[in-house]
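Please open the model in a viewer and keep the selection panel at hand. The stops below proceed from one selection to the next.

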4 protein chains.
Amino acid sequence: MSGMEQNQQKYQALMQRLGDVFSNKIPFHQLIGFEFDELSAESCKISFKKKPELIGNFVHGMLHGGVTATALDVVGGAMAAAGMLGKNLDASDEEIGRKLSKIGTIDLRVDYVRPGKGDSFYAKARLLRSGNKVAVVRMELHSDDDTLVALGTGTYMAG
Amino acid sequence: MSGMEQNQQKYQALMQRLGDVFSNKIPFHQLIGFEFDELSAESCKISFKKKPELIGNFVHGMLHGGVTATALDVVGGAMAAAGMLGKNLDASDEEIGRKLSKIGTIDLRVDYVRPGKGDSFYAKARLLRSGNKVAVVRMELHSDDDTLVALGTGTYMAG
Amino acid sequence: MSGMEQNQQKYQALMQRLGDVFSNKIPFHQLIGFEFDELSAESCKISFKKKPELIGNFVHGMLHGGVTATALDVVGGAMAAAGMLGKNLDASDEEIGRKLSKIGTIDLRVDYVRPGKGDSFYAKARLLRSGNKVAVVRMELHSDDDTLVALGTGTYMAG
Amino acid sequence: MSGMEQNQQKYQALMQRLGDVFSNKIPFHQLIGFEFDELSAESCKISFKKKPELIGNFVHGMLHGGVTATALDVVGGAMAAAGMLGKNLDASDEEIGRKLSKIGTIDLRVDYVRPGKGDSFYAKARLLRSGNKVAVVRMELHSDDDTLVALGTGTYMAG
């Protein structure tokens, strides 16, 4: 097996490990019900259903803005983590664990563009800068019919 | 009863109605467990316990950043609503209902200053501008020992 | 001349008038030296040279972050104005003047992604929401070799 | 001379050096005309006159929003630098120079609260977090009669 194939295998194993942590080990992700559909060093995507307890506006049954902010923060953080892993394929498991544990949101901006109508939603992230210290990510939340609901920009500690 | 006393009574009734809506009628507030401790035209305060399902970092048991963002958005929105009500004591019930239904977050910035350690948290809001169209609010999240955990700035449709 | 042709003519006249105001009537735009390259209801673009007095970091001769913020705010405001005009082709000149005078930045976020190297820069804006009250715009600043230097998101009063 | 006195002297010398750099070595600061009134590890304050070329709204003669953003960014950056220096009194001159050269704005949020009327303005900054990597600063711009014109929050590389 060539070095490139080894790195490719390691990359896929790391993304799987990251997806497992985000899906199964973080209590608040399970409370909301996030599913991680895509996790790569280029882009990330999560989705969730509008369960009744996620509603904010009880008259019109719309998604609570806090769920929107959470979804954008989560997909942005996953993106920052995946981007960092993609740059550190040669690092030891210990080093990777240490770097992952340091990833965290520095700040987050959310723009609420349209009301959160629809039965399910997906959020996507794109890495705009992946520095040694800080990652900058732009995110979007859409309803299932592809309507843009909210925009986000996040700055993350990159390990 | 003087006009001023009537307005004072109406103000208190409106704040009570607002507190009731925010505490009991919004499903996601009940999922998180927000309590509304203070609601006036000058400042607002909410608090909540760190239930296990609100945890993000499972290694250190810290509050999820999405809960932080939600708390800041909620106390900021309550502040925008209370500020608007304080300026509209002469409006009819119908007009007030119409204005309340239009309040919504335009955008939100969250700065994560320190990790969310502690057993319970409180968030406070201060109204910095209350225009006819837009309200600007600054918020802070503290843990129960008064450590500053996060800062927020929100812009809200003011009805 | 058909109604559609009339509207098309009016649209072009309005964009020209807007470009003239932004280029020639605003002192700080002339101090920096902004040129308005593109002004339509869909997108806007401005450009400027890195004159010596616009430098911030005197060691490396890089663009001052305040110039970056200004360029993003200006192209975003032009976008909000052009978007509003595009929706109000049937309005009277008086009404259009009244609406234009009310356009203003509510808030602005700037992300500094890379240092401002290069001899000239251009900033582009895209309208993400054009409501009756508020417009949301995303902006980017690039250097002349197309390197992304900064990102912006702005919320504007839409008249 | 005691160690504490030596540190006090060094602190004052560093603040003076920082003030000199910000006032005299940065071309764009001189174009706008910023004066540095206060520079300490606790708070910073700058002021400037509304020269005709800093006007945005030519009808009402109000300060351009880009000048507002610049003033907030500059006082926030000075605060981040002063806070960093205050924590590194024992570092060598070389180390301090290295750290200073790395300070830069990561992102900035500006809230435009009231129109920029008045003949002169001052901006103040308060350090809310001074970490090893990132500093978080809140800023305010006031006109000379103490009217709040704009709010800012900035995240800075802390060296």
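Begin by selecting Asp107(A) and Asp111(B): the latter, in β5(B), is the bridge partner of the former. Strands here are DSSP runs of E with at least two residues, helices are DSSP runs of H or I with at least four residues, and both are numbered from the N terminus. This is a predicted model, in which local features need pLDDT of at least 70, side-chain atom pairs count only at pLDDT 80 or more, and totals for chains, interfaces and linings use all residues. Residues are numbered from 1 along each chain as its sequence is written, while chains are lettered from A and ligands numbered from 1 in the order in which they are written.

Strand β5 (residues 104-112) of chain A and β5(B) run antiparallel and are joined by 5 bridges; two strands pair if DSSP finds at least two bridges between them.

Next, display the side of chain B that touches chain A. Here 30 residues of chain B are in contact with 30 residues of chain A, contact requiring that the C-beta atoms of two residues, placed from the backbone, lie within 7 Å. The elements giving two or more residues to this side are α2 (27-32), β3 (55-57), α3 (65-87) and β5 (104-112) of chain B. Of these, β5(B) gives the most, with 9 residues.

Within chain B, select β6 (residues 120-130) and β7 (residues 134-143), which run antiparallel and are joined by 9 bridges. Leu127(B) stands opposite Val137(B) in β7(B).

Finish at Ser143(B), which lies in strand β7 of chain B. Ser143(B) is partly exposed because 19 other C-beta atoms lie within 10 Å; the count would be 20 or more for a buried residue and 12 or fewer for an exposed one, with C-beta atoms placed from the backbone. Leaving aside neighbours within four places in sequence, Ser143(B) is in contact with Gly116(B), Lys117(B), Gly118(B), Phe121(B) and Val149(B).
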